Amino acid sequence: MTRILVIDDDLSLTQLMSMRLEKDGHVVYTANSGRDGLDVARLRQPEVVILDVSMPEMDGFAVCRELREFSGVPVLFLTAFSQEEDMLKGFAAGADDYMRKPFSMCELEARVNALHTRSMRMGGVSP
């Protein structure tokens, strides 16, 4: 069981991911804006964060940079921003992985599991 935080302003996509990940035994928290996502991350201390780039209040790059100030949680960007420069910007902000939309749920699950496993082997999610 992995605690996963999904931060995305697309409510239907967030619900779909939550249902699929919960079906696989994960605990899923959601937030529909960057600011709310940071609040949930502080409160719930997820083990993996799935983060979109384009959101209200603050974009995913800013969320990732601020998240890195208090947590070393693995971050997977899941976004329609598909240019190489966007991916590089995501890694520069502190991302551990980057997936482009549209995406395969099976691939997303595999990446989440790999990030979580690697994080646990390295001692958890401290900053």
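**Close-up 1. Helix α1 passes helix α5 in a right-handed crossing.** A crossing is right-handed if the near helix is turned clockwise from the far one by less than a right angle, and left-handed if anticlockwise. The model is predicted: local features need pLDDT of at least 70, side-chain atom pairs count only at pLDDT 80 or more, and totals for chains, interfaces and linings use all residues. Residues are numbered from 1 along each chain as its sequence is written, and side-chain values use heavy atoms, without hydrogens and water. Helices (H or I, at least four residues) and strands (E, at least two) are DSSP runs, numbered from the N terminus. Helix α1 covers residues 11-23 and helix α5 residues 105-121; they pack at an angle of about 60°, with their axes 11 Å apart. Axes are lines fitted to C-alpha atoms, for helices over the stretch in contact, and angles run from 0 to 180 degrees between N-to-C directions. The two helices are therefore oblique to each other; angles under 35 degrees count as roughly parallel, over 145 as roughly antiparallel, 65 to 115 as roughly perpendicular and the rest as oblique. M17, R20 and L21 of α1 meet M105, C106, L108 and E109 of α5, where contact means heavy atoms within 4.5 Å.

**Close-up 2. Helices α2 and α3 are roughly parallel to each other.** Their axes come within 9 Å and cross at roughly 25°. The contact joins G34, R35, L38, A41 and R42 of α2 to V63, E66 and L67 of α3.

**Close-up 3. The largest nonpolar core has 24 residues.** Such a core is a set of buried Ala, Val, Leu, Ile, Met, Phe, Trp, Tyr and Cys residues joined through side-chain atoms within 4.5 Å. Buried means under 20% relative accessible area, exposed over 50%, and partly exposed in between (1.4 Å probe, protein chains only). I7, V49, L51 and F77 touch the most other members. Among the elements that give two or more residues to this core are β1 (3-7), β3 (48-51) and β4 (75-79), while α3 gives the most, with five residues.

**Close-up 4. F77 is in contact with residues including L51, F61 and Y98.** Its other partners, leaving aside neighbours within four places in sequence, include C64, A95 and M99.

**Close-up 5. L13 lies in helix α1.** L13 counts as buried because its relative accessibility is 13%. Leaving aside neighbours within four places in sequence, L13 is in contact with D8, K101 and F103.
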